[in-house]
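Work through these exercises with the model open beside you. Try each task before you read its solution.

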Amino acid sequence: MTAAQRTDPFVRNLLGRGDYAIFSEIVAPQTCVLDLGCGDGELLSWLAENKDVDARGVEMDAAKVQKAIAKGVSCYQGNLEECLADYPDGAFDYVILSQTLQEVRRPLQVMNEMLRVGRRAIVAFPNFGHWRVRLAHLLTGRAPKTTRFPHEWYDSPNIHFFTVDDFEILAAKENWNIEKRVFLDDNREVKMLPNLLAETAVYLVRLKS
Amino acid sequence: MVVSTQTRRFDSLELDCGVTLAPVDVAYQTYGTLNAERSNAILITHAFSGDAHAAGIDPQTQQKGWWDSMIGPDKGFDTDQHFVICSNVLGGCRGTTGPGSIDPATGEVFGMTFPVITIGDMVRLQAKLIAALGIERLLCVAGGSMGGMQVLEWAARYPDRVASAIPIATTPRHSAQQIAFNEVGRQAIMADPDWNNGNYYGGKLPGRGLSVARMVGHITYMSDESMRQKFGRRQREDQGIFEVESYLRYRGSQFVDRFDANSYLYITKAMDLFDLAGGQQSLTAVLERSKTKFLVISFTSDWLYPSYQSQEVVNALRRRNQDVAYIELTSKYGHDAFLVEVEEQTEIVKGFLHRVTKGVNRR
């Protein structure tokens, strides 16, 4: 259940996102999963259906929450940064944060809370060290715009710009145990020079015991 | 769907105040069919002025049930799949024992000699009815406003008998503001000379007091925006009054024909006394034994039961990692939204019940 499932057209077509395919590979069956910023519950409903997980989500946007609940996902409408404090320690097997760490106000605090309420955290984020970002910045001398970072600087939801290497340095400093790392470039796996070649990084992290 | 109200009599019911009512009648309606496993039963709990007629057409009055938009074939509470029950609350005036019933001890109408009742008493009577119908565990208990209080009470007192709960636009306890509005209603009734200390049965009803009480109620059920859109400052030329005045007077007088003033006093008091946490323990502790799956719904413009009250329940459940979905639906209809916003509620109730049904069948 590795590369085969990742390239399984069913998974790819259903979820349409490489990082989702990685999550579905990482998450063990019959576990309890919290997805922070779960959107309309696409990933969670897939995990519930295919992995029999107890799927919980947090989402701010009422219209998305409505769709998630309609799909049968246990979704809580609230702010993901504020809501984490309420959950007891070790409440979940996995806490997922997909493409959002760069948008939260205090990323380290969010990571620490994820590792408190979950036995493991799964984080996917866009790599700001990708060569296209570097090139765009170098050539234009302006805030870089790429397909992965399409926003103007003044209306971007991204408020922290960090790279694969930045995350690795933080993990070492915080004494996190990285159990798995997968790097993607347009849904293809990147095997070398991830800080330069990966558009998206997916990490499976737990606290060192 | 033509429906009829049935009545079940129980020998006695012990009340929180220590008094035992004997016997007790409970009026109820059912829709759909109980399956062989008896696992598809849903109890709908009604709001303050509701009754057992939640869905379908009453053959006598030709009127639709108060939540007919949500209960029926292929509706939110799908009667093709579920067996839906709704009963009139204890203290009510629509078939269940209340202050307008005859006290068997005296042969007279109870009136103000009716004992003080609580939301807990209402739920205990519902639990008797559910047991009598041969249902050990409900798939779901759902209701809005005071109905939501009963839902919460069910989940706290009978955690093993409720697989899921949908409290809508409700609260774990009334705030000072909610008690204040109820008190204005009660004082309006008691200030009516025709109320006569509750002894008006067979004579002139305290219609002026009761209709004023209802007018206050209707104001709290709407929002500034919905009133502006519905009435604005338009006037009724024929009567020389504002349309909103005309509307409130009409709703007030209509209410007198179908509701008992003493029931108003007793039921509003029961709502005011309700405190899910019992005044002492935290909500999290009260829900300690609960494994019930929750869907909690509130509405943006509901200022009578504001979202923070629903969120208090949701957060207590999250603190013990209980399965709780929560949404604050966008609506301009104020507290009335739980009766009006059908499309959104249908979608989420269906999705929720589908998941809960799958979980129950797997057990």
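Two residues are in contact if their C-beta atoms, placed from the backbone, lie within 7 Å. Keep in mind that this is a predicted model.

**Exercise 1. Find what covers helix 5 of chain A.**

Solution. 
- Step 1. Set the cut-off: a residue is buried if 20 or more other C-beta atoms lie within 10 Å of its own.
- Step 2. List the residues that pass. In helix 5 of chain A they are K64(A), V65(A), Q66(A), K67(A), A68(A), I69(A) and A70(A).
- Step 3. Draw the conclusion. Seven of the nine residues are buried, so helix 5 of chain A is largely enclosed by the rest of the structure.
- Step 4. Name the cover. From chain A it includes strand 2 (54-59) and strand 3. From chain B it includes strand 15, strand 16 and helix 11.
- Step 5. Look just past the helix. There G72(A) takes a positive phi of about 90°.

**Exercise 2. Describe the side of chain A that touches chain B.**

Solution. 
- Step 1. Count the residues. 15 residues of chain A are in contact with 23 residues of chain B.
- Step 2. Find the elements. Helix 5 (62-70) and strand 3 (74-77) of chain A each give at least two residues to this side.
- Step 3. Pick the main contributor. Helix 5 of chain A supplies the largest share, five residues.
- Step 4. Sort the side of chain A by class. It has nine nonpolar, four polar and two charged residues.

**Exercise 3. Work out how helix 5 of chain A packs on helix 11 of chain B.**

Solution. 
- Step 1. Read the geometry. The two axes come within 7 Å and cross at roughly 40°.
- Step 2. Classify the angle. It makes helix 5 of chain A oblique to helix 11 of chain B.
- Step 3. Name the partners. Q66(A), I69(A) and A70(A) of helix 5 of chain A meet E344(B), E347(B), I348(B), K350(B), G351(B) and F352(B) of helix 11 of chain B.
- Step 4. Sort this contact by class. It holds four nonpolar, two polar and three charged residues.
- Step 5. Check the length of helix 11 (residues 342-362) of chain B. Its 21 residues reach 30 Å from first C-alpha to last, close to the 30 Å expected at 1.5 Å a residue.

**Exercise 4. Compare the directions of helix 3 and helix 4 of chain B.**

Solution. 
- Step 1. Take the angle and distance. Helix 3 (residues 176-190) and helix 4 (residues 207-221) of chain B pack at about 165°, with axes 7 Å apart.
- Step 2. Apply the cut-off: angles over 145 degrees count as roughly antiparallel. Helix 3 of chain B is therefore roughly antiparallel to helix 4 of chain B.
- Step 3. The crossing of helix 3 and helix 4 of chain B is right-handed.
- Step 4. Sort the contact of helix 3 with helix 4 of chain B by class. There are nine nonpolar, four polar and no charged residues.

Terms used: Residues are numbered from 1 along each chain as its sequence is written. Chains are lettered from A and ligands numbered from 1 in the order in which they are written. This is a predicted model: local features need pLDDT of at least 70, side-chain atom pairs count only at pLDDT 80 or more; totals for chains, interfaces and linings use all residues. Axes are lines fitted to C-alpha atoms, for helices over the stretch in contact, and angles run from 0 to 180 degrees between N-to-C directions. Helices (H or I, at least four residues) and strands (E, at least two) are DSSP runs, numbered from the N terminus. Angles under 35 degrees count as roughly parallel, over 145 as roughly antiparallel, 65 to 115 as roughly perpendicular and the rest as oblique. A crossing is left-handed if the near helix is turned anticlockwise from the far one by less than a right angle, and right-handed if clockwise. Ala, Val, Leu, Ile, Met, Phe, Trp, Tyr, Cys and Pro count as nonpolar, Asp, Glu, Lys and Arg as charged, and the others, Gly among them, as polar. The expected span of a helix is 1.5 Å times one less than its number of residues. A residue is buried if 20 or more other C-beta atoms lie within 10 Å of its own, exposed if 12 or fewer, and partly exposed in between; C-beta atoms are placed from the backbone.
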